[in-house]
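User: I have a new model open and want a quick walk through it. Can we start with confidence and then go to the fold?
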Amino acid sequence: MEATLLVKNAAQLVTPVRTLEELPSRRGMGKLEIITDGAVAIQHDKIIAVGTTPDVIKKIKITPDTLLVNANGRLMTPGLVDPHTHPIFYTTRENEFEMRIQGKTYQEIAAAGGGIRSSVRAVRQASQAELIEAALPRLNRFLENGVTTIEAKSGYGLSLQDEIKSLQVIKQLNQLHSIELVPTFLGAHEIPDEFRHNRRAYIDLIIHEMLPLVREQHLAEFCDIFCEEHVFSIDESREILMAAQKLGLPAKIHANQLSSNGAAQLAGEIGAISAEHLDRITPEEIQILRDAGVIPILLPGAVFFLNLDHYAPARKMIEAGLAVAIATDYNPGTCMTESLPLMMSLACIKMRMTPAETLIASTLNAAMAINRQDTIGSLAIGKQADLVIWDVPNYQHLAYHFGVQLAEMVIKKGKVCYTKTPHPDEQGVFLRGKNNT
Ligand SMILES: [Zn+2]
């Protein structure tokens, strides 16, 4: 088989694998397979061979058109998958950040016009073109951090027109950028101001107008809700998510972030695909998620950024057999970072996950949380050719060497879409300060 691209001589090729029992069950963390002197051969957008460099070279045909990349001394992994982001906002909220640092409470900030509602005002005033222009550099930053797929939520429009506008922006970004965006409808992010005294009317708007239109126009693959005290109650969440499920949109839930409110239990009850945050999940709810095969998406960056110091009990979840995923929760209010590797560091330090577990949690388990396990999240024959070459010798470095940008080259669907150094040397090795004129 002719290769269009061959990446060879990786010091470590590391990819998650799931055993036959773990494969369909949506339970268990899975394991890492580590290949020394690893290689991946690609034909167009698909992987055609994975293994040691001599083995892969034996199995494929190299032609004059094959692009050769020498990953000598470096780590190769699947492209990272961020299964929970809110990238469609217009203005940033650094003023609120400063107010919080100076000791203001979230309620005081909201009273001064801040919070989700300030993002809503800005998104409603922005055009699609302005929202796209604002989002593109954010997608660049995800890519530079080794992320090749993100789940992207709407949720700062909160009207029929502005939620549809946000989802159409996601659709257009998919065509404009190498990063793959998986759209989620989050009309139930907050009750907008104009419905504050008539929340029932907003819930009816979501169920009877927004959801059918989102479905009809194929603008989202999932429906999410912010189930929390003072936002959406358990009963309201059940009603909205079941209406979404009836239309064929699987459910996701922002659950048990600030309170132990039974939202994780609801995720199990209705068979949600994932439950997110879970900082205050109960032991009973961990069993419920396990039995229902719900993927927990943990967001340690939000806990860190809000300085809450109450992290999700990742170890207990892993011991109970859950397939834990991690994500950035990228958003302008409660977690302003596009760095999934930084989340891997926080997951190790604050939640006692091992470096291996954090890599699985941000690749294959993250893919499972957005129903992409068959196409992305691991390096295997037939899968989409999404991979990253990191400027480090082994996978532990991804969590250990924190807060800096370590991706050297990012390949999405078989195409090189980011290199830290513009040009390789004669051996195809990318070195900074060399040949980069
Ligand atoms: Zn979120």
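**Confidence, domains and a sheet**

Analyst: This is a predicted model. The protein has a mean pLDDT of 94, and 96% of its residues reach 70 or more.

User: Where is the pLDDT below 50?

Analyst: Over residues 430-437. In the model, that stretch has 17 contacts beyond near neighbours in sequence.

User: OK, domains. What are the bounds?

Analyst: The domain assignment gives domain 1 as 2-78 + 377-419 and domain 2 as 80-369. Their C-alpha centres lie 29 Å apart.

User: And how many residues are in contact between domain 1 and domain 2?

Analyst: 31 residues of domain 1 contact 34 residues of domain 2.

User: Which element gives the largest share on the domain 1 side?

Analyst: Helix H17, with four residues. Elements that supply at least two residues each include strand S1 (2-17) and strand S15 (407-412). By class, this side of domain 1 has 17 nonpolar, nine polar and five charged residues.

User: Switching to sheets. What is the order of the open sheet with four strands?

Analyst: S6-S7-S8-S9, with parallel pairing. Strands S6 (80-85) and S9 (222-225) are at the edges; each has a single partner strand, so one side of each lacks a neighbour in the sheet. On average, neighbouring strands are turned by 25 degrees against each other, direction ignored.

User: How many bridges do S8 and S9 pair over?

Analyst: Three, in the parallel sense. Ala188 has Ile225 in S9 as its bridge partner.

User: Which helix lies across S7 and S8?

Analyst: Helix H7, residues 160-176. H7 runs at about 175 degrees to S8.

Notes. Residues numbered from 1 in each chain as written. Predicted model: local features only at pLDDT ≥ 70, side-chain atom pairs only at ≥ 80, totals over all residues. pLDDT = per-residue confidence, 0-100. Contact = placed C-beta atoms within 7 Å. Domains from an automatic or database assignment. Nonpolar A, V, L, I, M, F, W, Y, C, P; charged D, E, K, R; others polar. Pairing = 2+ DSSP bridges. Axes fitted to C-alpha atoms, helices over the stretch in contact; angles between N-to-C directions.
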